[in-house]
Amino acid sequence: MEKELWKGNEAIAEAAIRAGCDCFFGYPITPQSEVPEYMSAHLPKAGGVFVQSESELAAINMVYGAAGAGMRAMTSSSSPGVSLKQEGITYLAGAELPAVIINCMRGGPGLGTIQPAQGDYYQATRGGGNGDYRTVVLAPSNVQETVDFVQEAFDIADQYRNPVMVLCDGLIGQMMEPIEWHPVKKRALPPKDWAACGRKGRDHHNIITSIFIAAEECSDHNDHLTAKYAEMEKNEVRWEEVQCEDAEIVITAYGTPARIALTALDTLRAEGIKAGLFRPITLWPFPEKALHTLAEQDHVKAFVDVEMSTTGQMLDDVRLAVEGRKPIRYLGRAGGVMPTVEEMIDLVKSALKEVK
Amino acid sequence: MKKEIIISGFGGQGGLAIGKNLAEAGMAEGLNVTWAPSYGPEMRGGTANCSVVLSDKPVGSPVFARFTELIALNEPSLSKFEEGVLPGGSVFVNSDVVTDRVSRSDLTAYYIPCAKIAEEVGNPKVGNMVMLGAYVAATKILKPETIEAMIQSMFAGPKAKFIPLNIEAFRRGMACVQ
């Protein structure tokens with residue numbers, strides 16, 4: 001298959017069109033504005049609907065409406081814009097509506113900077129909105145994975161009737177890389193017989209809502225959702241291990257820092273240092289068991305968690321999985337500054353010195 | 001083989017396009033490539049730049065603090081990035097705009113009068129093609145035929161009249177270092 005050079009953001013939009021996205025609602029914000037820009041030019045030609053909304057809040061609620069009518073709906077934004085969408089996301093989860101949300105993360109808090117960051121890990125994996133809910137969070141670390149995941153995200157959303165987030169950062173959105181438009185496996189999906197798109201001879205109205213005012217009813221609804229989340233945890237968890245078979249120091253990283261880590265591994269291995277990379281691909285569900293198993297291996301002496309976040313957000317999930325079995329060191333850079341290959345190498349070496 | 005290249009200049013000088021051309025040509029030759037632009041406030045200081053990796057192995061980090069080559073299209077770019085070039089690396093200087101010389105002795109410097117050559121060829125806009133030619137000839141990492149084929153496909157249809165101009169600029173750039 002022929003390789004084509006694509007910019008991450010434009011590839012996201014094209015991937016969504018190829019996945020059968022019917023409706024896109026968005027509002028510009030750096031570093032993801034090429035997503036709505038591309039959609040505005042190409043989605044209508046493919047028979048879809050593009051609306052530049054008056055705000056992020058409007059966009060996510062348009063997604064709610066379109067998804068409720070059975071459409072494949074999507075929105076994209078960057079960190080401050082995704083914060084504004086949180087209310088809509090919890091409503092989508094509560095009303096069990098499938099939708100795809102792209103967050104091309106930039107530095108925060110607040111307006112922060114337009115440069116790449118990963119400070120929205122908590123928001124994405126813990127739910128930035130109210131209530132008990134989960135969203136599947138896919139974290140690609142190159143442009144090929146991004147286009148594959150965007151296409152699959154629609155299927156995951158439809159399968160579980162749940163919002164799915166593709167969490168990348170400004171660098172992946174802005175960079176260009178060769179990709180192949182290879183076919184992405186389609187899932188067998190249930191019919192959208194719940195959609196509110198006209199009664200069409202049914203004996204009942206379909207109602208889309210997240211309100212269950214009677215406590216027992218709301219409690220049952222939460223149990224139902226929780227059972228669904230358990231299914232996602234069983235079926236959807238993904239990760240990648242690179243040179244972990246004999247690794248003494250394992251770097252944990254996702255997205256851009258994970259690919260920076262690959263370069264660090266080359267240097268470390270060339271110097272005879274047994275380093276590996278554990279890369280969560282789904283941030284929720286987090287690959288907890290796989291990381292726990294790795295932590296139990298005798299050859300693993302310590303972990304080095306690297307994120308574009310200074311507080312250490314994924315670090316919490318790494319700690320929960322490692323359960324104190326091995327020491328964990330942390331390298332975090334935020335505000336648009338990325339951790340460097342050299343910093344990673346230094347930290348791996350100092351971690352190794354400590355445990356040997 | 002791995003080249004990590006910074007191309008930097010004022011907006012409009014075609015630096016990002018040089019990077020994109022290198023990435024396109026590298027991909028055409030079966031290399032692994034990445035192109036990452038600066039899109040932040042540094043652009044306002046006159047150092048709009050992009051980071052390009054050309055490698056025969058899969059590319060890990062698309063960004064880097066040290067690099068094998070620098071293409072400096074303006075003065076601020078040379079002063080900002082010269083120290084990041086790896087020992088033994090090369091610096092390509094747009095010598096019509098940059099009056100400073102490369103100060104380090106462990107680097108190979110190429111001074112390319114891009115604007116003057118572009119003017120001679122007949123269009124000031126093709127200065128970046130001159131620089132691309134110089135880079136290709138000096139590093140020998142990409143085949144000139146690949147670039148010329150790319151220029152052919154870049155200017156398809158009504159833009160075809162720009163093909164000879166761009167190829168001429170590219171060849172004149174190559175001649176600067178041969």
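**Entry 1: two helices in chain B**

I started in chain B, where B:Pro144, B:Ile147, B:Glu148, B:Ile151 and B:Gln152 in α5(B) meet B:Ile163, B:Asn166, B:Ile167, B:Phe170 and B:Met174 in α6(B). I counted two residues as in contact if their C-beta atoms, placed from the backbone, lie within 7 Å. Sorted by class, the residues of this contact are 7 nonpolar, 2 polar and 1 charged. For the classes, Ala, Val, Leu, Ile, Met, Phe, Trp, Tyr, Cys and Pro count as nonpolar, Asp, Glu, Lys and Arg as charged, and the others, Gly among them, as polar.

A note on what I'm looking at: this is a predicted model, in which local features need pLDDT of at least 70 and side-chain atom pairs count only at pLDDT 80 or more, while totals for chains, interfaces and linings use all residues. Residues are numbered from 1 along each chain as its sequence is written, and chains are lettered from A and ligands numbered from 1 in the order in which they are written. Helices (H or I, at least four residues) and strands (E, at least two) are DSSP runs, numbered from the N terminus.

Back to the pair. I noted that two packed helices are described by the angle between their axes and the distance between the axes. Here the axes of α5 (residues 144–154) and α6 (residues 163–177) of chain B come within 9 Å and cross at roughly 155°. Axes are lines fitted to C-alpha atoms, for helices over the stretch in contact, and angles run from 0 to 180 degrees between N-to-C directions. α5(B) and α6(B) are therefore roughly antiparallel. My cut-offs: under 35 degrees is roughly parallel, over 145 roughly antiparallel, 65 to 115 roughly perpendicular and the rest oblique. The crossing of α5(B) over α6(B) is right-handed. A crossing is left-handed if the near helix is turned anticlockwise from the far one by less than a right angle, and right-handed if clockwise.

**Entry 2: α5(B) again, with α1(B)**

I stayed with α5(B) and looked at its packing against α1 (residues 15–28) of chain B: the angle is about 115° and the axes are 10 Å apart. That is why I put α1(B) and α5(B) down as roughly perpendicular to each other. α1(B) passes α5(B) in a right-handed crossing. From α1(B) come B:Asn21, B:Glu24, B:Ala25 and B:Ala28, and from α5(B) come B:Thr146, B:Ile147 and B:Met150. I sorted those residues into 4 nonpolar, 2 polar and 1 charged.

**Entry 3: sheet and strands in chain A**

Which strands make up the open sheet, and in what order? I found 7 strands, ordered β3-β2-β4-β5-β7-β6-β12 (chain A), with mixed pairing. Two strands pair if DSSP finds at least two bridges between them. β3 (49–52) and β12 (282–284) stand at the edges with a single partner strand each, so one side of each has no neighbour in the sheet. The twist averages 20° from one strand to the next.

Inside the sheet, β6 (residues 136–138) and β7 (residues 163–169) of chain A run parallel and are joined by 3 bridges. A:Leu138 has A:Val166 in β7(A) as its bridge partner. Helix α7 (residues 143–160) of chain A lies across β5 (99–105), β6 and β7, at about 165° to β7(A).

I also checked β10 (residues 249–252) of chain A, and both its faces are covered: A:Ile249 and A:Ile251 on one side, A:Val250 and A:Thr252 on the other, all buried. Buried means 20 or more other C-beta atoms within 10 Å of a residue's own, exposed means 12 or fewer, and partly exposed is in between; C-beta atoms are placed from the backbone. β10(A) runs parallel to β11 (residues 275–280) of chain A, with 4 bridges. A:Val250 is bridged to A:Gly276 in β11(A).

**Entry 4: A:Arg238**

Where is A:Arg238? I found A:Arg238 in the loop between α9 (215–235) and β9 (239–242) of chain A. It counts as partly exposed because it has 16 C-beta neighbours inside 10 Å. Leaving out residues up to four places away in sequence, A:Arg238 touches A:Ile281, A:Thr282 and A:Pro287.

**Entry 5: where the chains meet**
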